[in-house]
Amino acid sequence: MDEDAREQALLTAVTTEHFVLQTSRSATIAESVGRSTIFMSMLSAALIGLGFVSSGGHLLRPYLGAVLPTLVITGLLTFARLVQSMVENEVDLQRIQRIRAWYHRRYAADQEFFADALTQGGGMRAEWAAVGSRPGRRHMLLTAAALVGAVNALLIGLGATLLSGLVGAAPGLAIGVGVVVALAAFAVQVAYINRASISLGR
């Protein structure tokens, strides 16, 4: 294979990889939206059901006993997958930026095309800065995973409050226990997101 044919084959392979990575990013985003929507729809349906059974006191506890654990388990599974999707999306972005840097070095060194892929220093902060984002711990609170994590924390806190009430705790104490448990659950989930981000070199 002569040099021109090799160059053309390499360009075709890199261009195809760029397209595949962008398609993969779109797929992870679509999956994240779909999973979040399913979970929030389940939560909405559960709240509507709660409105129907709240008038009958004898139905309230069995309903919450069945629905609340289901929501918590579904929420935690959704959260875990959203974090995985976030990692996959960031890895794809990192690879795309490397390809864009190759385009610049190989074909556009004297132009501004793709230059942003070279000027950001390195790491995932650089990759995100090149597409107009500034990742950090505060940025993590704006992700779909953090949104679902916050809902999970509220549900877990609610469960803790109800359990405290069942064992005879005073209402104020039961609410206090629920608040503490909810905050702890949210902190654990945020720490999980941050650990996943650190593994990517943020």
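Here's a quick rundown of the fold, the salt bridges, a pocket and a surface patch in this predicted model. Since the model is predicted, local features need pLDDT of at least 70 and side-chain atom pairs count only at pLDDT 80 or more, while totals for chains, interfaces and linings use all residues. Residues are numbered from 1 along each chain as its sequence is written, and side-chain values use heavy atoms, with hydrogens and water left out.

**Overall fold**

- The protein has six helices and zero strands, where helices (H or I, at least four residues) and strands (E, at least two) are DSSP runs, numbered from the N terminus.
- Read along the sequence, that gives the pattern α-α-α-α-α-α.
- Of the 202 residues, 38% are buried; buried means under 20% relative accessible area, exposed means over 50%, and partly exposed is in between (1.4 Å probe, protein chains only).

**Salt bridges**

- The count comes to three salt bridges, each being a side-chain nitrogen of Lys or Arg within 4 Å of a carboxyl oxygen of Asp or Glu.
- Glu31 and Arg35 pair up at 2.8 Å, N to O. Both sit in helix α1 (residues 3-53), four residues apart, which is about one turn of the helix.
- Glu31 also bridges to Arg81, with the closest N and O atoms 2.9 Å apart. That pair links distant parts of the chain, with Arg81 in helix α2 and Glu31 in helix α1, 50 residues apart.
- Arg81 makes a salt bridge with Glu88 as well, the closest N and O atoms being 3.2 Å apart.
- Put together, Glu31, Arg35, Arg81 and Glu88 form a network of salt bridges.
- How covered are these side chains? Arg81 counts as buried because its relative accessibility is 16%. Glu31 is partly exposed at 26%, Glu88 is partly exposed at 33%, and Arg35 is partly exposed at 36%.

**Second largest pocket**

- The second largest pocket holds about 260 Å³ of space. For the grid rules, a pocket is an open set of points on a 1 Å grid over the protein atoms alone, where a 1.4 Å probe fits, with protein on both sides within 12 Å along at least five of seven lines. Grid points are joined across faces, edges and corners, and the volume is the space filled by probe spheres set on the points.
- The lining residues (those with an atom within 4 Å of a point) are Leu60, Arg61, Leu64, Gly65, Leu68, Pro69, Gly159, Leu162, Leu163 and Leu166.
- The elements giving two or more residues to this lining are α2 (57-107) and α5, and the largest share, six residues, comes from α2.
- By residue class, the lining splits into seven nonpolar, two polar and one charged. Here Ala, Val, Leu, Ile, Met, Phe, Trp, Tyr, Cys and Pro count as nonpolar, Asp, Glu, Lys and Arg as charged, and the others, Gly among them, as polar.

**Nonpolar surface patch**

- Leu163, Leu166 and Val167 make a nonpolar surface patch of about 340 Å². Patch residues have over 30% relative accessible area and no salt bridge, and nonpolar side chains (Val, Leu, Ile, Met, Phe, Trp, Tyr) are joined within 5 Å. The areas come from the Shrake-Rupley method with a 1.4 Å probe, and for residues only the protein chains shown count as cover.
- Leu166 lies in helix α5 (residues 144-166) and counts as exposed, because its relative accessibility is 52%.
- Leu163 and Leu166 belong to this patch and also turn up in the lining of the second largest pocket.

**Contacts across the sequence**

- Gly75 is in helix α2 and is buried, with a relative accessible area of 0%. Gly75 and Arg35 are 40 residues apart in sequence and 9.7 Å apart in space, C-alpha to C-alpha.
- Arg98 also lies in helix α2, but Arg98 counts as exposed at 53% relative accessibility. Arg98 is 80 residues from His18 in sequence, with a C-alpha to C-alpha separation of 9.7 Å.
- Ala196 is found in helix α6 (residues 171-198) and counts as buried at 13% relative accessibility. The C-alpha atoms of Ala196 and Met86 are separated by 8.9 Å, with the two residues 110 apart along the chain.

Terms used. Patch = residues over 30% accessible without salt bridge, like charges linked within 9 Å, V, L, I, M, F, W, Y side chains within 5 Å.
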